[in-house]
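User: I would like to learn how to read a few features of this model, one at a time. Could you walk me through them?

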Amino acid sequence: MEAILGPVLLGKNGNQPTSCLRDAKYLLLYFSAHWCPPCRGFTPKLGLFYDSVNSAHKQVEIVYVSGDRTPEQFAEYYDEMPWLAVPYSESATRNELAQRFRVQGIPSLMLINHEGVVKKDACRMDVTNKGPLCLADWDAALNS
């Protein structure tokens, strides 16, 4: 995963080694930006989902890949998120991720396996329409 996301991710308590993702059953990339109205509407819903599915034990990890235009926008927006992020300073990594995963529009939420292969790319709709019940669909996607 380090080869894809870089060696260090930004966490709420400072930098975290990317290896911390190893324990996540469900690993999602969240492409979003402060300036995007649909993103601003979805992020709070995603936060509630994240807190809900991780309340008993941590099973979902999300990595925010920013499309923000300034470090200040990134900092303000990331402050609203409980998960990890690719550091804003890693613009080459963020751009490579958007290209690698063929992000056409934001917000985009995709389930990847630990080898960095996309297993499901419509996770935003799963979260919106099914909430925690979508984990069964994600299990099936990861095992396919």
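Predicted model: local features only at pLDDT ≥ 70, side-chain atom pairs only at ≥ 80, totals over all residues.

User: Is Arg102 buried or exposed?

Analyst: Buried means under 20% relative accessible area, exposed over 50%, and partly exposed in between, with a 1.4 Å probe and protein chains only. Arg102 has a relative accessible area of 67%, so it is exposed.

User: Which peptide bond is cis?

Analyst: The bond from Ile106 to Pro107 is cis, with omega near 0°. Pro107 is found in the loop between helix H4 (91-100) and S6.

User: Which residues of H4 are buried, and what do they pack against?

Analyst: Thr93, Arg94 and Leu97 are the buried residues of H4. To see how they are arranged, look down the helix axis and take the arc of the directions from that axis to the C-beta atoms. For H4 the buried residues fall within an arc of 100°, so they line one face of the helix. Contact means heavy atoms within 4.5 Å, and the buried residues of H4 pack against helix H1 (2-5), S3 and strand S4 (60-66). Glu96 and Gln99 are exposed residues on the face turned away from the buried side.

User: Which residues are buried in H5?

Analyst: They are Cys123, Asp126 and Val127. Viewed down the axis of H5, its buried residues fall within an arc of 95°, so they line one face of the helix. Their packing partners are strand S3 (26-32), H2, strand S6 (108-112), strand S7 (118-120) and helix H6 (134-142). Just after H5, Gly131 takes a positive phi of about 60°.

User: How do I read the crossing of H2 and H5, and at what angle do they cross?

Analyst: Axes are lines fitted to C-alpha atoms, for helices over the stretch in contact, and angles run from 0 to 180 degrees between N-to-C directions. The axes of H2 (residues 37-53) and H5 (residues 123-130) come within 10 Å and cross at roughly 65°. A crossing is left-handed if the near helix is turned anticlockwise from the far one by less than a right angle, and right-handed if clockwise; the crossing of H2 and H5 is left-handed. In this contact, Pro38, Phe42, Leu46 and Phe49 in H2 meet Arg124, Val127 and Thr128 in H5.

User: How many disulfides does a search of the whole structure find?

Analyst: A disulfide is a pair of cysteine sulfur atoms within 2.5 Å, and the search finds zero. Cys20 is in no disulfide, and its nearest cysteine sulfur, that of Cys123, is 19 Å away. Cys20 is partly exposed, with a relative accessible area of 31%.

Definitions and conventions:
Residues numbered from 1 in each chain as written. Heavy atoms only, no water. Helix = DSSP H or I, 4+ residues; strand = E, 2+ residues; numbered from the N terminus.
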